[in-house]
Amino acid sequence: MAELKIDALVFDVLGTLVDEPAGLRAGIRALDPSTGPSAVPSLDAPGTERLLLLWQRHIEREQRRILDGDRPYLPSDALDREAARLVAEAAGVRDPVAVEELAGAARRLPPWPDTVAGLARLAGRFPLIGLSNASRTALLELNAHAGLRWHQALSAEDARAYKPDPAVYRLAVTVAGRPPERLLMVAAHAWDLRGAQALGLRTAYVARPVGDPPAPSDRFDLYAEDLADLARQLELPQGE
């Protein structure tokens with residue numbers, strides 16, 4: 001730890017601080033099958049999981065197409081609406097109001113149990129920067145709904161890209177005004193941390209049930225069970 005000198009923490013939001021699948025499941029379950037064809041079955045647990053996977057795969061595929069230059073940039077709001085239409089159609093729901101309500105579920109994501117207290121504890125020592133693929137508007141609502149505390153919240157929309165594009169991580173470096181190696185990127189997704197590493201940021205993996213766990217070849221600076229564990233590790237002497 002003596003060589004880890006950090007001036008600010010940069011946090012991924014979706015999956016790392018909020019339980020994205022839980023929020024989307026709630027939105028999917030709220031769909032009213034009675035607004036669709038009469039043959040539509042109720043949304044049981046397997047049906048909900050199938051629709052959740054349909055949503056997740058659409059978002060992942062379309063963000064990749066944007067990163068690859070196969071599609072013009074669209075903010076997360078637009079992609080969420082596309083996913084909501086696909087899911088609603090698969091559920092037999094045609095009501096535009098229900099579709100729009102489902103799209104909004106992507107902004108009503110519950111925090112993990114340790115998130116709010118963990119951020120408050122860390123904010124007493126470090127500037128906290130949120131760095132999310134969520135659009136500016138979505139990020140505002142996410143922060144408010146989950147009670148997230150930031151000194152600065154940055155959206156990938158400002159770079160017109162999505163993580164792991166280097167331009168997104170560069171937003172945090174620019175705002176912090178510090179060398180990349182003085183920033184610690186915190187995420188539950190190994191792919192996200194690899195993207196930050198490529199730009200020179202230090203990295204901390206926080207385990208979550210829905211994250212992307214590290215591969216055997218990954219070498220991150222810190223590995224934490226949760227935000228409380230991360231705070232404990234960061235409160236060790238840093239050789240300043």
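Predicted model: local features only at pLDDT ≥ 70, side-chain atom pairs only at ≥ 80, totals over all residues.
The legends below describe close-up views of the structure.

Figure 1. Helix 8 is formed by residues 190-198, and its buried residues are Ala190, Asp192, Leu193, Gly195 and Ala196. An α-helix has 3.6 residues a turn, so residues three or four places apart point the same way.

Figure 2. The strands are arranged in the order 3-2-1-4-5-6, and their pairing is parallel. Strand 3 (152-155) and strand 6 (222-224) are the edge strands, each of which pairs on one side only. From one strand to the next, the twist averages 20°.

**Figure 3. Strand 1 and its two neighbours in the sheet.** Strand 1 covers residues 8-11 and pairs with strand 4 in the parallel sense, over four bridges. Within this pairing, leucine 9 has leucine 184 as its bridge partner, and valine 10 stands opposite methionine 185. Strand 1 also pairs in the parallel sense with strand 2, here over three bridges. The partner of valine 10 in strand 2 is isoleucine 129.

Figure 4. Helix 6 consists of residues 136-146 and lies across strand 2 (128-132) and strand 3. The angle between helix 6 and strand 3 is about 140°.

**Figure 5. The loop between strand 3 and helix 7.** Most residues other than glycine have a negative phi, and most peptide bonds are trans. Arginine 160, which lies in this loop, has a positive phi, near 50°, although it is not a glycine. Its relative accessibility is 57%, and because exposed means over 50%, arginine 160 counts as exposed. Proline 164 is placed in the loop between strand 3 and helix 7 as well. The peptide bond that leads from lysine 163 to proline 164 is cis, with omega near 15°.

**Figure 6. The largest pocket.** The volume of the largest pocket is about 810 Å³. Its lining is made up of 32 residues, and those nearest the centre are Glu20, Ile59, Glu60, Gln63 and Trp191. Helix 1 (20-29), helix 2 (45-67), helix 3 (76-91), helix 6 and helix 8 are the elements that give two or more residues to this lining. Which helix gives the most? Helix 2 does, with nine residues. Sorted by class, the lining has 16 nonpolar, seven polar and nine charged residues.

Conventions: Residues numbered from 1 in each chain as written. Heavy atoms only, no water. Buried < 20%, exposed > 50% of the residue type's maximum accessible area, 1.4 Å probe, protein only. Pairing = 2+ DSSP bridges. Axes fitted to C-alpha atoms, helices over the stretch in contact; angles between N-to-C directions. Contact = heavy atoms within 4.5 Å. 1 Å grid on protein atoms, 1.4 Å probe; cavity = no way out; pocket = protein on both sides within 12 Å on 5 of 7 lines; lining within 4 Å. Points joined across faces, edges and corners; volume = space filled by probe spheres on them. Nonpolar A, V, L, I, M, F, W, Y, C, P; charged D, E, K, R; others polar.
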